[in-house]
Amino acid sequence: MRLSQIIELLGNNVLQVVNPGNIDPEFEHVESDSRILKENDLFICIKGQAFDSHLIARELQKKGAAALIAETAIEDEEILIPIVYVKSSRLAEALLTMEECNHPYRKLTTIGVTGTNGKTTITTLIYHVLSIFERKASLIGTVRNVVGENVYTNPKNTTPGPFELARLLQLSTKLKSEYFVMEVSSHSLSMNRVEGMRFDVGIITNVTRDHLDFHSSFEDYYRAKMHLFSLLKSNGIAVVNGDKINIADIHISRNRIITYGFGDESDYRIEDLDISRTGMDFTIHTPFGSSQRVYTRLIGEHNAYNVAAAIAVLNSLNYDMDHILKAISSFGGVPGRFEFVEEATKYGFDVVIDFAHTPDALEKLLRTARRLSPGRLILVFGAGGSADKGKRPLMSEVSSRFSDVVILTSDDPKNDDPLEILQDLESGIDKFKPYLVIPDRKEAISVALTLANRQDMVLIAGRGHEDFQILKDRKVPFNDKQVVKDILETKFRRHIKK
Ligand SMILES: CC(=O)N[C@H]1[C@@H](OP(=O)(O)OP(=O)(O)OC[C@H]2O[C@@H](n3ccc(=O)[nH]c3=O)[C@H](O)[C@@H]2O)O[C@H](CO)[C@@H](O)[C@@H]1O[C@H](C)C(=O)N[C@@H](C)C(=O)N[C@H](CCC(=O)O)C(=O)O
Ligand SMILES: Nc1ncnc2c1ncn2[C@@H]1O[C@H](COP(=O)(O)OP(=O)(O)OP(=O)(O)O)[C@@H](O)[C@H]1O
């Protein structure tokens with residue numbers, strides 16, 4: 001692609017072009033990482049959180065960059081290559097990488113899920129059903145990225161950056177995938193990561209308090225999520241939790257919006273939810289007048305929403321309800337989401353691992369647990385560091401309200417002082433209810449298990465499937481489920497033998 005074509009493609013994102021030699025170079029490739037820049041690349045300068053590549057313009061020129069895209073002034077007389085100034089470098093990055101890859105999303109049915117909670121569950125469930133139907137699909141999200149036989153676990157981001165996204169889309173088309181099912185985080189929407197692609201289906205689950213370290217306000221966070229619907233293909237549809245989201249906020253015609261929920265107005269309406277320890281069932285009424293009983297191994301009202309969302313999407317893609325419901329019934333869930341540690345049952349109590357790390361998710365977890373457990377609820381949780389501090393006391397407040405014993409502990413402290421995080425958490429706790437503060441997570445889990453009597457339920461929240469803890473810049477192995485199993489195996493087995 002030539003520089004003149006790039007300028008045309010970027011349209012009104014372009015502010016100014018500085019081209020001392022008045023040249024129109026042709027580029028081999030668009031790059032935004034100086035470490036892998038090659039001669040004749042067009043380089044996009046980005047001011048990131050850790051690094052600002054505008055500051056290394058000379059090095060970029062020396063390495064062979066044929067032109068630069070920039071959003072802040074590069075005042076260096078030695079820079080002789082053209083510079084295209086734009087309003088947003090990240091937007092330019094998204095548009096140009098997708099152009100370079102020839103818009104692979106056009107050959108795929110793309111399904112994007114946004115919302116504070118439920119993204120991984122819904123994407124994984126849709127992927128599962130499509131796999132049962134023997135349809136080739138890719139899955140992109142927090143837990144893993146799967147494209148054909150390639151599985152990338154613990155990806156850096158829930159939603160990849162533009163280069164990786166374009167590469168995953170391209171690989172999907174190369175491997176003849178039909179579907180591309182992905183989580184779309186609010187960070188990615190704000191940072192224009194997905195701006196280069198378009199979706200056949202956009203799903204929104206809910207928007208509740210989270211990430212207010214990154215977003216300037218709740219309204220800003222909400223707006224970021226809603227932006228997904230600006231990225232629909234011309235005939236794309238929105239699948240919306242009608243109980244949680246005001247459809248007036250989605251600016252597409254009503255006949256392209258499908259709602260799900262318990263509310264009477266829902267297109268896919270949930271009724272008569274019956275929850276047990278092994279799964280749940282409910283009736284789903286469809287907009288085509290049919291009503292069927294759904295069985296799922298997922299547990300909790302929040303998961304009834306997630307299952308209804310998946311049904312609405314798949315049925316809208318013209319899959320038959322009987323087949324959808326059969327495939328859903330065989331879905332075993334996502335690791336670390338309301339996952340029982342079966343080894344605990346022989347000791348007479350339950351242990352559940354869950355990824356809840358927002359006030360709303362904790363409430364949903366505890367309400368579900370209360371429905372299932374005749375005994376006490378003993379909750380172990382902490383809060384992540386370097387993230388939304390304001391949600392910490394709100395999480396404790398919910399925890400005090402819905403559980404019987406709370407043990408505050410460490411999550412992923414990252415660069416924050418673990419004791420300061422605990423103080424923030426403690427400030428929201430109800431001091432008239434039993435609670436403990438045990439900074440060491442393993443010890444906290446051990447104490448919770450020791451406190452558990454017959455029929456109690458121990459809930460270990462916040463880390464879910466994750467198998468590490470981030471302490472400053474150290475990543476140490478830590479998996480809640482494994483830790484529970486180890487404690488039961490050592491401490492409890494010995495105890496029983498005596
Ligand atoms: C704060 C943040 O969101 N950072 C994201 C951002 O990184 P960045 O661009 O700011 O990175 P940077 O290191 O400052 O570099 C800036 C630029 O300089 C370039 N560079 C850098 C070094 C160098 O030597 N040369 C060079 O050219 C880089 O290639 C980049 O273009 O853009 C990257 C690519 O898109 C992301 O991977 C990265 O996510 C970091 C890892 C992150 O942790 N993000 C979290 C907050 C996040 O996005 N989370 C959400 C999910 C949250 C949830 O739902 O719970 C997600 O979607 O993952
Ligand atoms: N529909 C829902 N409404 C509220 N809470 C939910 C819902 N679905 C899941 N949760 C809660 O959120 C936790 C994470 O679920 P899931 O991984 O599906 O969400 P996510 O949106 O992908 O989360 P994250 O963005 O943090 O990765 C679950 O363990 C559960 O506690």
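The exercises below work through helix geometry, helix packing and backbone angles in a predicted model.

Residues are numbered from 1 along each chain as its sequence is written, and chains are lettered from A, with ligands numbered from 1, in the order in which they are written. In this predicted model local features need pLDDT of at least 70 and side-chain atom pairs count only at pLDDT 80 or more, while totals for chains, interfaces and linings use all residues.

**Exercise 1. Helix H8**

Solution: Helices (H or I, at least four residues) and strands (E, at least two) are DSSP runs, numbered from the N terminus.

Just after H8, Asn318 takes a positive phi of about 75°.

**Exercise 2. Helix H4 against H8 and H9**

Task: Describe how helix H4 (residues 119-132) crosses helix H9 (residues 321-329), and then how H4 crosses H8.

Solution: Axes are lines fitted to C-alpha atoms, for helices over the stretch in contact, and angles run from 0 to 180 degrees between N-to-C directions. Angles under 35 degrees count as roughly parallel, over 145 as roughly antiparallel, 65 to 115 as roughly perpendicular and the rest as oblique.

The axes of H4 and H9 come within 9 Å and cross at roughly 115°, and the two helices are therefore roughly perpendicular to each other. Their contact (C-beta atoms, placed from the backbone, within 7 Å) is made by Leu125, His128, Val129 and Ile132 of H4 and by Ile324, Ala327 and Ile328 of H9.

The axes of H4 and H8 also come within 9 Å, crossing at roughly 45°, and these helices are therefore oblique to each other. Here the contact involves Thr121, Ile122, Leu125, Ile126 and Val129 of H4, together with residues of H8 including Asn303, Val307 and Leu314.

**Exercise 3. Helix H10**

Task: Check the length of helix H10 (residues 359-372) and identify what covers its buried residues.

Solution: The 14 residues of H10, at 1.5 Å a residue, should span 20 Å, and the end C-alpha atoms are 20 Å apart, which agrees. H10 is mostly covered, with 10 of its 14 residues buried, among them Leu362, Leu365 and Leu366. The cover includes H8, strand S18 (350-354), strand S19 (377-381), helix H11 (391-402) and strand S22 (457-461).

**Exercise 4. Two histidines**

Task: State the phi of His103 and of His211, and place each residue in its loop.

Solution: Most residues other than glycine have a negative phi. His103, in the loop between helix H3 (89-100) and strand S6 (109-114), has a positive phi near 50°, and with 16 C-beta neighbours inside 10 Å His103 counts as partly exposed. His211, in the loop between strand S11 (199-204) and helix H7 (218-226), has a positive phi of about 55°, and its 19 C-beta neighbours inside 10 Å make His211 partly exposed.

Notes
Contact = placed C-beta atoms within 7 Å. Expected span 1.5 Å × (residues − 1). Buried ≥ 20, exposed ≤ 12 C-beta atoms within 10 Å, placed from the backbone.
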